[in-house]
Amino acid sequence: MKNSCIVCNMGHSNTEIDVASLRTPELTWERVRSQVDHVIWPDGKRIVLLAEGRLLNLSCSTVPTFVLSITATTQALALIELYNAPEGRYKQDVYLLPKKMDEYVASLHLPTFDAHLTELTDEQAKYLGLNKNGPFKPNYYRY
């Protein structure tokens, strides 16, 4: 690895970076700030390790359980769709989840922030070129 490269875990578990092998007397750990460490070798080369190798989206989020809740809810709804779908609807392939599902999951989590949605009026929907019931982003938009 190059000197001062950033090492982080964007995978699926907390075991994807062997952090234990970096905790040796030969290596110096220097805390830069919360969730950011320099691991320094005796020759002065270093890496920037984020979240001590834990999952970034959970470790560095201000509300990690909230992130996990959104992910788990989306996965559960996708599995329900797959289970209930008529045979042949889905082939073994990779699919993008419909925006409507993302928006539904987001709406389920709004009470966490004491937020409330209002429904578009017919006039607003026409002006924006949207269906009143969503999805509210164009197909090319990625969440």
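By class, which residues make up the lining of the largest pocket? The lining has 6 nonpolar, 3 polar and 4 charged residues (Ala, Val, Leu, Ile, Met, Phe, Trp, Tyr, Cys and Pro count as nonpolar, Asp, Glu, Lys and Arg as charged, and the others, Gly among them, as polar).

Before you click further: this is a predicted model, where local features need pLDDT of at least 70 and side-chain atom pairs pLDDT 80 or more, while totals for chains, interfaces and linings use all residues. Residues are numbered from 1 along each chain as its sequence is written, and side-chain values use heavy atoms, without hydrogens or water.

**Stop 1: the pocket.** The largest pocket has a volume of about 230 Å³. Select Glu103, Ser107, Leu117, Asn133 and Phe136: of the 13 lining residues, these are the closest to its centre. Here a pocket is an open set of points on a 1 Å grid over the protein atoms alone, where a 1.4 Å probe fits, with protein on both sides within 12 Å along at least five of seven lines; lining residues have an atom within 4 Å of a point. Points are joined across faces, edges and corners, and the volume is the space filled by probe spheres set on them.

**Stop 2: strand 4.** Select residues 46–50, which are strand 4 (strands are DSSP runs of E, at least two residues, and helices runs of H or I, at least four, numbered from the N terminus). In strand 4, 4 of the 5 residues are buried (under 20% relative accessible area with a 1.4 Å probe, protein chains only; exposed is over 50%, partly exposed in between). Zoom in on Ile47: Cys5 has Ile47 as its bridge partner, and so does Val39.

**Stop 3: the core.** Now select Cys5, Val7, Ile17, Val19, Leu22, Leu27, Val39, Ile47 and Leu49, the largest nonpolar core (buried Ala, Val, Leu, Ile, Met, Phe, Trp, Tyr and Cys joined through side-chain atoms within 4.5 Å). Strand 1 and strand 4 each supply at least two of its residues.

Stop 4: Asp114 has a positive phi of about 55 degrees without being a glycine, and sits in the loop between helix 3 (99–109) and helix 4. Finish at Gly134 to Pro135, where the peptide bond is cis.

Terms used. Pairing = 2+ DSSP bridges.
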